[in-house]
Amino acid sequence: MRTYYAGMDLDAPCGRCKLETRHRVLTLTNGQPDNLICTQCQSVHKFRPERPAAPPRVRAERAEAPPKPRSPASPSRFQELMIQEQAGAQARPYSPATRWEEGAWMDHASFGLGRVQKRLGRKVDVLFRGGLKTLVRA
Ligand SMILES: [Zn+2]
């Protein structure tokens, strides 16, 4: 490791001269040159041990758009899914022979999941996703 001392000369890039010039160390911090004076232009500046690497140029127009956050399911949609899941577990596949009770969940081949709203004799009103259907028991 190089030893520095105040008053020593060293070559360092000068921001004003825009080139490597002879500098004199004015102050040291923790053994590292702190302030330098350029012997060419007499400007005082901080010692930079290495040329700072140019930050990668990010062109705004080339920058990738941030990934779109997945639209979170709305609470109602979530609730709907929850209900469907619960209902799916207790739903019985539709059969015209089944005697449906009000409030029962039905898994209909054409209409999907539905809930029996009303039973009147052999007819049951079932609310499906697509709307209310009246099914007649065989
Ligand atoms: Zn200079």
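Predicted model: local features only at pLDDT ≥ 70, side-chain atom pairs only at ≥ 80, totals over all residues.
Of the 138 residues in the chain, 9% are buried. Among the contacts in the chain with a separation of 6 or more, 18% are accounted for by residues 24 or more positions apart.

In one of them, 4 strands form an open sheet in the order β1-β2-β5-β6, with antiparallel pairing. The edges of this sheet are taken by β1 (9-14) and β6 (44-46), each of which has a single partner strand, so that one side of each is left without a neighbour in the sheet. On average, and with direction ignored, neighbouring strands of this sheet are turned by 50 degrees against each other. Within the sheet, strand β2 (residues 19-25) and strand β5 (residues 35-38) pair in the antiparallel sense over 3 bridges, and V25 stands opposite L36 in β5.

The other open sheet has 5 strands in the order β7-β8-β9-β10-β11, and its pairing is mixed. Here β7 (92-93) and β11 (131-136) stand at the edges, and because each has a single partner strand, one side of each is left without a neighbour in the sheet.

The pairings from β8 onward can be followed strand by strand. β8 and β9 pair in the antiparallel sense over 4 bridges, with D107 having L113 in β9 as its bridge partner, and the two strands are joined by a hairpin through 3 residues. β9 in turn pairs with strand β10 (residues 123-128), again in the antiparallel sense, over 6 bridges, and in this pairing K118 stands opposite D125 in β10. The hairpin of β9 and β10 has 2 residues between the strands, and G121 takes a positive phi near 65 degrees in that hairpin. Antiparallel pairing over 6 bridges also links β10 and β11, where the bridge partner of F128 is G131 in β11.

The loop between β8 (105-108) and β9 (112-120) contains A109. With 8 other C-beta atoms within 10 Å, A109 falls under the limit of 12 or fewer and is therefore exposed. A109 and Y94 lie 15 residues apart in sequence, while their C-alpha atoms are 7.1 Å apart in space.

A further feature is the grouping of nonpolar residues. The largest nonpolar core consists of 5 residues, namely W100, M106, V124, V126 and L135. When neighbours within four places in sequence are left aside, W100 is in contact with M106, V116, R119 and V124, and two of these partners, M106 and V124, are themselves listed in the core. In soluble globular proteins, nonpolar side chains tend to be buried together.

Notes: Residues numbered from 1 in each chain as written. Buried ≥ 20, exposed ≤ 12 C-beta atoms within 10 Å, placed from the backbone. Contact = placed C-beta atoms within 7 Å. Pairing = 2+ DSSP bridges. Axes fitted to C-alpha atoms, helices over the stretch in contact; angles between N-to-C directions. Core = buried A, V, L, I, M, F, W, Y, C linked by C-beta atoms within 7 Å.
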